[in-house]
Amino acid sequence: MQWKNGNTTNGQVVAGGNGRGNGLNQFNHRVVRWSRRSDTTQGEILINDINCYGLAMDEQRYLYISDDEKHEVRRYQSVEKIGTLVAGGNGQGGGLNQLNVPTYLFVDRQQNVYVSDRNNHRVMKWNKGAKEGIVVAGGQGEGDALTQLNHPQGLFVDALGTLYVADEGNNRVMRWTQGAKQGTVIVGGNGKGAGANQFNIPYGLSFDRHGNLYVADMSNNRVQRFSIE
């Protein structure tokens, strides 16, 4: 869906919207590229037969995809069908070389990959070429302390290396500065609900160029915008 600035009542379908299926105008266990031209009616299949949860693209236009069944992240060039393993791939688990249901991704300018390691309740950073990751948020078990996460989802890393993560099970968004042992709650954290300061399962998040934070508040069926200092 595309929602234009200032129009909160009517969005425009730009991909899919034709039910689940295998048609080129549908989605089903694959990665499909859609042109941004307004007259596009079907997409181009890039990768087939993949349990794709999250994806990201770096500045060199490499595509990164998390597979939450194989517990791995792979990097693809435009013509590749197999890709290069960049995180996980050593079975489901909690080791530093493993992932347990990887979901959202972020790739920085150095091609380091940040992964929301959902069922390990942590965010991992895999430096380019590394054989194991580094815990950069959470990793202290499931919980609501400032050192913990509860099924992390969407994430963003700014130019200073500060991490922002949607903490799904705690209905909050947290900020972790580089090297910090605990995070701070920047929005939410006021229990599950539909208030302006609450979430009901926050999933994706993103920032605009003005520093506004946008959060997909899934079970409230809305997107919220916050001004972050």
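Visitor: Which residue of strand 17 is the bridge partner of leucine 213?

Guide: In general, strands of a sheet pair through backbone hydrogen bonds, either parallel or antiparallel. In this predicted model, where local features need pLDDT of at least 70, side-chain atom pairs count only at pLDDT 80 or more, and totals for chains, interfaces and linings use all residues, phenylalanine 226 of strand 17 is the partner of leucine 213. Residues are numbered from 1 along each chain as its sequence is written, and side-chain values use heavy atoms, with hydrogens and water left out.

Visitor: How many bridges join strand 16 to strand 17?

Guide: Six bridges join strand 16 (residues 212-217) to strand 17, and the two run antiparallel. Strands (E, at least two residues) are DSSP runs numbered from the N terminus, and two of them pair if DSSP finds at least two bridges between them.

Visitor: Which strands stand at the edges of the sheet?

Guide: The open sheet has three strands in the order 15-16-17, with antiparallel pairing. Strand 15 (202-207) and strand 17 (222-227) stand at the edges; each has a single partner strand, so one side of each lacks a neighbour in the sheet.

Visitor: Is histidine 71 buried or exposed?

Guide: Histidine 71 is buried (under 20% relative accessible area, with exposed over 50% and partly exposed in between, 1.4 Å probe, protein chains only), at a relative accessible area of 8%.

Technical notes
Helices (H or I, at least four residues) and strands (E, at least two) are DSSP runs, numbered from the N terminus.
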